[in-house]
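Have the sequence and the model side by side.

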Amino acid sequence: MSTPHVVFVDSTLAGLLALRTAREMGCRVSFIEPQDNSFLAISTSDASRVLPHLEHAHEHLRIPSLQNDAVDRGLRDLARRHGPVNALITTSEAAILPVARAAEALGVPGPGRAALERAVFKDRCRAAVRAAGLRSPDFEVVSEDRLIAGHTRRIPVPLVVKPTRGFGKQFSAVCHTDEEFDHFVAALKAARGQSDPMINRIVSHDYIIETYITGSLHSCEVVVVNGDVRFYAGTTRYRASHNDLLEMGYAMPSGLAAPEQAALEEHVRAVFGAIGLRFGLYHVELLFGDGGPCLVEINGRMMGGVGPQAYTTVSGLDAFEWLLRLHLGEPISPDPASIRRAATVVLIGARTGGTVSATFTQGRLDALLQRHGIGFCTLKLAAGMPLRRFDGNVSVLGHAIVPGPDPETSKARGHRFLQDLDTLLGVETAKYIDTDARAAAPA
């Protein structure tokens with residue numbers, strides 16, 4: 001059998017780990033980097049964090065754009081020089097729809113652009129879910145121009161307002177009062193003007209306003225093969241104490257009781273059936289409250305951030321292998337029972353901004369990490385460095401994976417780590433809510 005040719009288009013920073021997995025699986029690896037809307041460029045401007053991963057690619061091709069026929073021309077170029085493309089993959093929010101279209105044109109496995117659009121455009125997803133008779137909040141859609149001009153909304157507070165397609169909680173808010181909604185709208189034009197142009201191109205300028213639903217927040221990590229939704233991991237996600245729109249961490253596994261987990265999985269299967277999404281690896285977020293499960297959103301890609309590293313920490317397995325084998329048409333058998341440990345991923349962000357303490361050193365940070373039993377942390381700071389206010393994933397300073405014997409213990413240890421980090425940084429970090437301090441001692 002000839003060597004499979006796998007092409008990756010754009011990436012998250014963590015998604016670059018897939019290049020090594022593909023190389024180790026014996027694939028020929030090509031990486032296409034767009035110059036207009038690159039999620040990798042948004043993720044980091046530090047070349048030292050990117051270049052070591054690109055060494056696993058046999059070919060690194062830069063193209064001017066994800067739009068028009070630039071992706072197709074790049075794929076034809078790679079196929080001419082290195083043989084037919086067997087798998088076309090992305091972990092980038094910016095690239096998921098162009099890649100789905102290109103996969104259809106090439107005739108390689110993919111989700112199908114129409115089904116993927118129904119999943120990732122929140123209004124289309126809500127409409128499909130409601131049409132299937134599944135639980136979903138009431139909503140309306142309004143353009144950014146009409147919103148700023150003073151659109152009279154139909155949805156009462158409390159409500160959630162967010163772009164119909166976006167990422168990282170950009171230009172989004174939970175509004176418990178009319179005044180909070182008015183403040184969000186008043187600040188929106190300035191926020192857009194100050195944002196990275198790439199972010200403004202990726203994030204929709206239409207907004208969904210929907211009823212706020214209470215409940216605990218969870219995710220399901222799924223592989224979908226010919227419409228069969230297979231679960232390989234789940235999380236319970238922790239929201240910031242100062243802003244319940246923002247996620248500050250999550251525990252893997254979820255720690256949910258078996259009946260609740262079964263209800264979540266049943267709901268996810270029904271959602272995928274309603275949307276007609278029959279192929280892919282996805283990160284699905286849901287609420288679980290008194291009314292049962294309710295979909296928050298489907299991310300049209302696998303889990304982001306350091307989720308893949310957390311999965312490896314608790315299971316010893318590589319989620320990127322599931323991704324590659326799926327796209328290569330190979331048998332896969334993900335199993336949540338493979339998870340035998342627990343870990344909490346802690347997002348590190350400055351609650352109100354500030355400046356790193358003049359006494360901060362990497363050595364002191366390393367000692368703190370060791371004291372808390374943390375072997376994985378992406379925080380890279382220096383004394384005197386200015387820190388922006390944490391207001392979404394783009395402003396995260398770093399992540400830490402905090403191990404523990406069970407989700408609640410690792411969650412509490414993560415909170416204690418953040419408290420100690422405040423002292424080291426001289427800046428208050430954002431914290432998650434509902435912290436159980438009973439097991440806050442370092443590992």
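A residue is called buried under 20% relative accessible area, exposed over 50% and partly exposed in between, with a 1.4 Å probe and protein chains only. By that cut-off lysine 162 is buried, because its relative accessibility is 9%. Glutamate 210 is buried too, at 5%. This is a predicted model, in which local features need pLDDT of at least 70, side-chain atom pairs count only at pLDDT 80 or more, and totals for chains, interfaces and linings use all residues. Residues are numbered from 1 along each chain as its sequence is written, and side-chain values use heavy atoms, with hydrogens and water left out.

What do the side chains of lysine 162 and glutamate 210 form? They meet in a salt bridge, 3.6 Å from N to O. The term stands for a side-chain nitrogen of Lys or Arg within 4 Å of a carboxyl oxygen of Asp or Glu. Side chains of opposite charge can pair when their charged atoms come close.

Glutamate 247 is buried, at 9%.

Glutamate 321 and arginine 325 both lie in helix α13 (residues 319–327), four residues apart, about one turn of the helix. They form a salt bridge, with the closest N and O atoms 2.9 Å apart. Glutamate 321 is partly exposed at 29%, and arginine 325 is partly exposed at 24%. Elsewhere, salt bridges with shared partners join Glu59, Asp77, Arg80 and Arg81 into one network. The structure holds 29 salt bridges.

Next comes a sheet. Its four strands run in the order β3-β2-β1-β4, the sheet is open, and the pairing is parallel. Two strands pair if DSSP finds at least two bridges between them. The edges are β3 (59–63) and β4 (87–89), each pairing on one side only. Strand β2 (residues 28–34) pairs with β3 over five bridges. Glutamate 33 has arginine 62 in β3 as its bridge partner.

Angles run from 0 to 180 degrees between N-to-C directions, and axes are lines fitted to C-alpha atoms, for helices over the stretch in contact. Contact means heavy atoms within 4.5 Å. Helix α1 (residues 17–24) lies across β1 (5–9) and β2, at about 160° to β2. Helix α5 (residues 96–106) packs on the sheet and touches β1 and β4, its direction making about 170° with that of β4.

Finish with two helices. The axes of α6 (residues 113–120) and α7 (residues 122–131) come within 5 Å and cross at roughly 95°. α6 and α7 are therefore roughly perpendicular to each other, a term for angles of 65 to 115 degrees. Glu117, Arg118, Ala119 and Val120 of α6 meet Lys122, Arg124 and Cys125 of α7.

Terms used
Angles under 35 degrees count as roughly parallel, over 145 as roughly antiparallel, 65 to 115 as roughly perpendicular and the rest as oblique.
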